Amino acid sequence: LWMVTATAFLWCVGDSLHNELALADMSSLSVSTGVLLSTTIQTTTTSVVQTITSHPIELIYLGGVTTALANYIQTKAQREIAAERASIIYALDPVYGAFFANILLGEELSQLGIVGAGLITAAAATNAFLDFGEKDNA
């Protein structure tokens, strides 16, 4: 979770730096690179703090319910099935996401996305109906 947070912060810094570079005068860029980077980090930090203070309930929900609770339930349920099956179920995650995004948000998949979802679903169905794992000889 900390790695995701750090990556998101670095992404924001890079995005802010890109925006600042687009607005900056290229002739004064070499002199003020350190100032530009410092300003970008400060702006990003301020933006992150402002988001945390203005939306604490939403962040608690996203961190606690949709991330921590979902991972807890997933870990508990994973004990009951084989690792091969679990990997196929996890591979279906983007298909579930696309399906619910279509139902709840009205988003649509491109033709390539539909082909990809179909391939993932076919692989999962093949694994479910034709158990390629080792058989017990008992």
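Across the protein the mean pLDDT is 77, and 76% of the residues reach 70 or more. Where pLDDT is low, the predicted coordinates should not be read in detail.

**Overall architecture**

- Along the sequence, the order of elements is α-α-α-α-α-α.
- Among contacts in the protein with a separation of 6 or more, 50% are accounted for by residues 24 or more positions apart.

**Burial and surface**

- The protein has 138 residues, of which 9% count as buried.
- Its accessible surface comes to about 11100 Å².
- Carbon and sulfur atoms contribute 68% of that accessible surface.

**Packing of H4 and H5**

- Helix H4 spans residues 83-91 and helix H5 spans residues 93-105.
- The two helices pack at an angle of about 30°, and their axes lie 4 Å apart.
- Angles under 35 degrees count as roughly parallel, and H4 and H5 are therefore roughly parallel to each other.
- On the H4 side, the contact involves Ile 89, Tyr 90 and Ala 91.
- These residues meet Asp 93, Pro 94 and Tyr 96 in H5.
- By residue class, the contact of H4 with H5 comprises 5 nonpolar residues, no polar residues and 1 charged residue.

Definitions and conventions:
Residues numbered from 1 in each chain as written. Predicted model: local features only at pLDDT ≥ 70, side-chain atom pairs only at ≥ 80, totals over all residues. Heavy atoms only, no water. Axes fitted to C-alpha atoms, helices over the stretch in contact; angles between N-to-C directions. Parallel < 35°, antiparallel > 145°, perpendicular 65-115°, else oblique. Contact = heavy atoms within 4.5 Å. Nonpolar A, V, L, I, M, F, W, Y, C, P; charged D, E, K, R; others polar. pLDDT = per-residue confidence, 0-100. Buried < 20%, exposed > 50% of the residue type's maximum accessible area, 1.4 Å probe, protein only. Areas by Shrake-Rupley, 256 points an atom, 1.4 Å probe, with all protein chains shown as cover.
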